[in-house]
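Let's take a walk through this protein, one region at a time. Have a look at the fold first, then read on.

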Amino acid sequence: MSNRYSLRYKLINWIRLGISYIVLAIVAAIAVFPIYYIIITSINPIPTLASISLRTLLPESPSLEAYYYIVFKEPFLLWLRNSLILATGTIAITVVVAFITGAALSRLNIAGKRALMITIYVMTFFPFAATALPLYLMFASLHLLNSYIGLILAYSGGGAPQSSAPTWLRSSLIGYRGITRKLR
C-alpha cells in the first residue's frame, strides 16, 4: 500500500519538475530571443530587414558586410574612444559627488539637511531633457560647447542627484551610524 503512494508521489514530483522545466525553457527563450534577433539582423543583408517573417529568423545568406562597413569605412574607433572618455569621466565625477554627498548627509548634522535631501530627491523627478536649454546657454557662455568637459559636466550633473539620494537613503536605513569608525 505504501509503495503505491510512493510511486504516486514520485510521479507527481516528476510532473511538477517537467512543467517547471517547460516554463523555464519558455521564459529563457523569451529572454534570449531579442539578443538572437539583434545578431540575426546584423548579419542579414539590408533588403531582407524590411520584410519580417519566420523565414528571416534563419538567414539564408548571412554576411558580415555591415561589420566590415562600420569598422573600416566609418570612424568607429573614434566613436568608441569618445564614448569611453565620456563614460569614464562621467562615472568618476558622479561617484565622487555621490559618495561625498551621501556620506555628508548621513554622518553630519547640518542645518537644512532635511530640506537639502528633499531638494535632491525632487531633482530626480525632472527629466534630463528639461535642463537642455539652460545647460546649453550656460555652456555657451563658458565656451564649453563641443568639448569633452562640457559633456562630462552635463552628464554628471544629470547623474549626481540620482546617485546621491540612494546613497543617503541606503546609509541612513542600513544603520551607517551604528558602524564603528574603523570599519567606515
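Which helices each supply at least two residues of the lining of the largest pocket? They are H6 (132-141) and H7 (148-174), helices here being DSSP runs of H or I with at least four residues, numbered from the N terminus. Before going further, keep in mind that this is a predicted model, where local features need pLDDT of at least 70 and side-chain atom pairs count only at pLDDT 80 or more, while totals for chains, interfaces and linings use all residues. Residues are numbered from 1 along each chain as its sequence is written, and side-chain values use heavy atoms, with hydrogens and water left out.

Back to the pocket. On a 1 Å grid over the protein atoms alone, a pocket is an open set of points with protein on both sides within 12 Å along at least five of seven lines, and its lining residues have an atom within 4 Å of a point. The largest one holds about 250 Å³ of space, counted as the space filled by probe spheres set on the points. Its lining has 15 residues, and Phe139, Leu145, Gly150, Leu151 and Ala154 lie nearest the centre. By type, the lining splits into 11 nonpolar, 4 polar and no charged residues; Gly counts as polar in this scheme, while Asp, Glu, Lys and Arg are the charged ones.

Now for the loop between H6 and H7, where you'll find His143 and Asn146. Most residues other than glycine have a negative phi. His143, however, has a positive phi near 60°, and Asn146 has one of about 55°. Both are exposed (over 50% relative accessible area, with under 20% being buried and partly exposed in between, using a 1.4 Å probe and protein chains only). The value is 72% for His143 and 87% for Asn146.

Next, helix H5 (residues 113-123), whose buried residues are Lys113, Met117 and Ile120. Seen down the axis of H5, these fall within an arc of 60°, so they line one face of the helix; the arc is taken from the directions from the helix axis to the C-beta atoms.

Finally, the aromatics. The structure holds 3 aromatic pairs, meaning Phe, Tyr or Trp rings with centres within 6.5 Å (planes under 30 degrees apart are stacked, over 60 edge-to-face, the rest tilted). Phe33 and Tyr36 make a tilted pair, 6.5 Å centre to centre with 40° between the planes. Both sit in helix H1 (residues 2-43), 3 residues apart, about one turn of the helix. Phe33 is partly exposed at 38%, as is Tyr36 at 32%. Ring pairs link Phe33, Tyr36 and Tyr37 into a cluster.

Key. On a 1 Å grid over the protein atoms alone, a cavity is a set of points where a 1.4 Å probe fits but cannot get out, and a pocket is an open set with protein on both sides within 12 Å along at least five of seven lines; lining residues have an atom within 4 Å of a point. Rings of Phe, Tyr and Trp (its six-membered ring) pair if their centres lie within 6.5 Å; planes under 30 degrees apart count as stacked, over 60 as edge-to-face and the rest as tilted.
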